[in-house]
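Which aromatic rings pair up in this structure, and where do they sit? Here is a short report on them.

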Amino acid sequence: MAQSGIPHFHNDVGVSTIHVGAREFMCIGATPPVDHPHVFIDMGSADEAICSYCGTLYKYRASLSASESDPADCLWGDRVQQL
């Protein structure tokens, strides 16, 4: 059985917008140990959402898989929280 999880994204590169392939994910701000409280973001049917903690704008891009981002290094390693 395939496992599903919630991808975690960070903004160490300091961009204003991160494109993601998931509509539900966690924003951690920066990588530990300077991360902010992990914020669950659910875009619902919208195509973008802003992290209420760090202000990063996330935009959904259907061509990306759920565990991909643009810039690519904004995915927190292979970290996926299991549901």
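Predicted model: local features only at pLDDT ≥ 70, side-chain atom pairs only at ≥ 80, totals over all residues.

Rings of Phe, Tyr and Trp (its six-membered ring) pair if their centres lie within 6.5 Å; planes under 30 degrees apart count as stacked, over 60 as edge-to-face and the rest as tilted. A search of the whole structure finds three aromatic pairs.

Residues are numbered from 1 along each chain as its sequence is written, and side-chain values use heavy atoms, leaving out hydrogens and water.

Now the strands. These are DSSP runs (E, at least two residues), numbered from the N terminus. Phe 9 lies in strand 1 (residues 5-9) and Phe 25 in strand 3 (residues 24-27), 16 residues apart. Their pair links distant parts of the chain. Tyr 58 belongs to strand 6 (residues 57-60), so its pair with Phe 25 ties together parts that are 33 residues apart in sequence.

Phe 9, Phe 25 and Tyr 58 form one aromatic cluster. Are these residues buried or exposed? Buried means under 20% relative accessible area, exposed over 50%, partly exposed in between (1.4 Å probe, protein chains only). Phe 9 has 0% relative accessibility, so Phe 9 counts as buried. Phe 25 is buried at 0%. Tyr 58 is buried too, at 0%.

Terms used:
Helix = DSSP H or I, 4+ residues; strand = E, 2+ residues; numbered from the N terminus.
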